[in-house]
Amino acid sequence: MDASGKLQVGTTPPRRDFGDSALGLVCTRSFPAIVGTADMMLKSSGVTLIGYEKTGSGYCTAVVRGGISDVRIAVDVGEETARRFDQFISKTIIARPSPNLEAVLPIGSRLAKFLSDRGYSRLSKQAVGLLETRGYPAMVGAADAMLKAAEVQLAACETIGDGLCTAIIRGRVADVAMAVEAGMHEAERIGELHAVMVIPRPLDDLEETLPLASYWIEKPQPIALPLDLKAPQKELAAPEQPEVEVQKTAQKTIESAEPLEPEARSPQAAPPLVEPIPLPELDPLAVQRPKPSENLEE
C-alpha cells in the first residue's frame, strides 16, 4: 500500500485475520434485501463484511466480523432493516468463534481471500440497483428494459433458489433509479416482481462482495519496462570458413579471370633475346713481331 492507504496496482491485497473478532449473522429471504441490510450494517458501525452465504430456497445470510460492541450494533440495525423490507428470517451473534468453526465454515479469512483475489472492477464507485423477480423470463425482460431506459450497465445476475433471480445494474444515481422503475413495470407485466433495491454510494466492503460478471473484471498486469537502447551491443563477427572452402573459393576466382591478349601485354612482360657475337680464336704463336733492323731504319 502507498501512503494514502490505497492498494497499488499489481500488488496482492493483505490477508485479513479474524481469529479474535466477534461474528454476526443476519438472514433474509431475498438477495436485494440482504444487500440493503448489509449496507446499513456497514454504515452503522466499524464491522467488516465477509460476504454472503446462500443456502437455497431464497435464504441469504450476511456475515460480518469485528469487535463485539460493533457487531451487536450492526446486527441490531440489520434486523431492523430486514424487518422493514419484510424479509427478516433470523440473526445470531458469537463473541468468540471456535478456531475449528472458522477453519471449516466460510465465515472468515477463507471467504474474504476468495473475494479479494477477484480483481478490479471497471464499475466501481457507481450506484447499485437490484431488481429481483420470481422466474427467469421476468428478470431477463426487466434487465433489457432497464438497459434501454437509462445509461446503466448490467453488472451481473444472481440466483438464490425458489425461482428468485436478481439483475444487478451499475451507473449514476439518477440513471439507476430511472432504470429500476422501468424494470419494475416490465417485470410485473411478464411475471412476478419480488423485491427492488437502490444503493447510491456503496462502501468498499460491499463492492467486494457484490456479484460481478467476468466481463467487467480487470486483472492487474505487470508493468513492462522499456529496453535500454544505450546499452552496448556486441559486434557480430563473420563466421570463419573452413580451410577447404577458402581454397575452393580462391581456385574459382583464378579460373574465372580472363587471359590477356598478346597485343595488350606490356613490352617489359617478356624482354627479347640477344644473340652473343662469336669472337675469333687467337693463336699466340701466329703473332709476328717486327724485326729490330726494320724498326731502326724507319
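How many helices and how many strands make up the secondary structure of the chain? There are 9 helices and 10 strands.

## Basis of the model

This is a predicted model, in which local features need pLDDT of at least 70 and side-chain atom pairs count only at pLDDT 80 or more, while totals for chains, interfaces and linings use all residues. Residues are numbered from 1 along each chain as its sequence is written, and side-chain values use heavy atoms, with hydrogens and water left out.

Helices (H or I, at least four residues) and strands (E, at least two) are DSSP runs, numbered from the N terminus.

## The chain overall

The chain has 298 residues, and 34% of them count as buried. Buried means under 20% relative accessible area, exposed means over 50%, and partly exposed lies in between (1.4 Å probe, protein chains only). The accessible surface of the chain is about 20,500 Å². Carbon and sulfur atoms account for 56% of that surface. These areas come from the Shrake-Rupley method with a 1.4 Å probe; for residues, only the protein chains shown count as cover.

Take the contacts between residues at least 6 apart in sequence: 77% join residues at least 24 apart.

## A four-stranded sheet

An open sheet is built from 4 strands in the order β2-β3-β1-β4, with antiparallel pairing. β2 (48-56) and β4 (88-94) stand at the edges with a single partner strand each, so one side of each has no neighbour in the sheet. From one strand to the next, the twist averages 15 degrees. Two strands pair if DSSP finds at least two bridges between them. Strands of a sheet pair through backbone hydrogen bonds, either parallel or antiparallel.

β3 (residues 59-66) is joined to β2 by 7 bridges. K54 has C60 of β3 as its bridge partner, and T48 has R65 of β3. β2 and β3 form a hairpin with 2 residues between them. In the turn, S57 has a positive phi of about 60 degrees. β3 also pairs with β1, again antiparallel and over 7 bridges. Here V26 stands opposite A62 of β3. β3 is mostly covered, with 7 of its 8 residues buried.

## Helices on the sheet

Helix α1 (residues 31-44) lies across β1 (22-28), β2 and β3. It runs at about 160 degrees to β2. Helix α2 (residues 68-84) packs on the sheet and touches β1, β3 and β4. The direction of α2 makes about 175 degrees with that of β4. Axes are lines fitted to C-alpha atoms, for helices over the stretch in contact, and angles run from 0 to 180 degrees between N-to-C directions.

## Salt bridges

The structure holds 13 salt bridges. Each has a side-chain nitrogen of Lys or Arg within 4 Å of a carboxyl oxygen of Asp or Glu.

Which residues does K91 bridge to? One partner is D76, with the closest N and O atoms 3.5 Å apart. K91 lies in strand β4 and D76 in helix α2, so the pair ties together parts 15 residues apart in sequence. The other is E79, with the closest N and O atoms 2.5 Å apart. E79 is in α2 as well, so this pair ties together parts 12 residues apart in sequence. K91 is partly exposed at 39% relative accessibility. D76 is partly exposed at 41%, whereas E79 is buried at 15%.

D144 and K148 also meet in a salt bridge (3.0 Å, N to O). Both lie in helix α5 (residues 136-149), 4 residues apart, about one turn of the helix. D144 is partly exposed at 38%, while K148 is exposed at 67%.

## α5 against α6

The axes of α5 and helix α6 (residues 173-190) come within 8 Å. They cross at roughly 145 degrees. Is the crossing left-handed or right-handed? The crossing is right-handed. A crossing is left-handed if the near helix is turned anticlockwise from the far one by less than a right angle, and right-handed if clockwise.

From α5, the residues in contact include P137, G141, A145 and A149. From α6, they include M178, A182, G183 and I190.

Terms used: Contact means heavy atoms within 4.5 Å.
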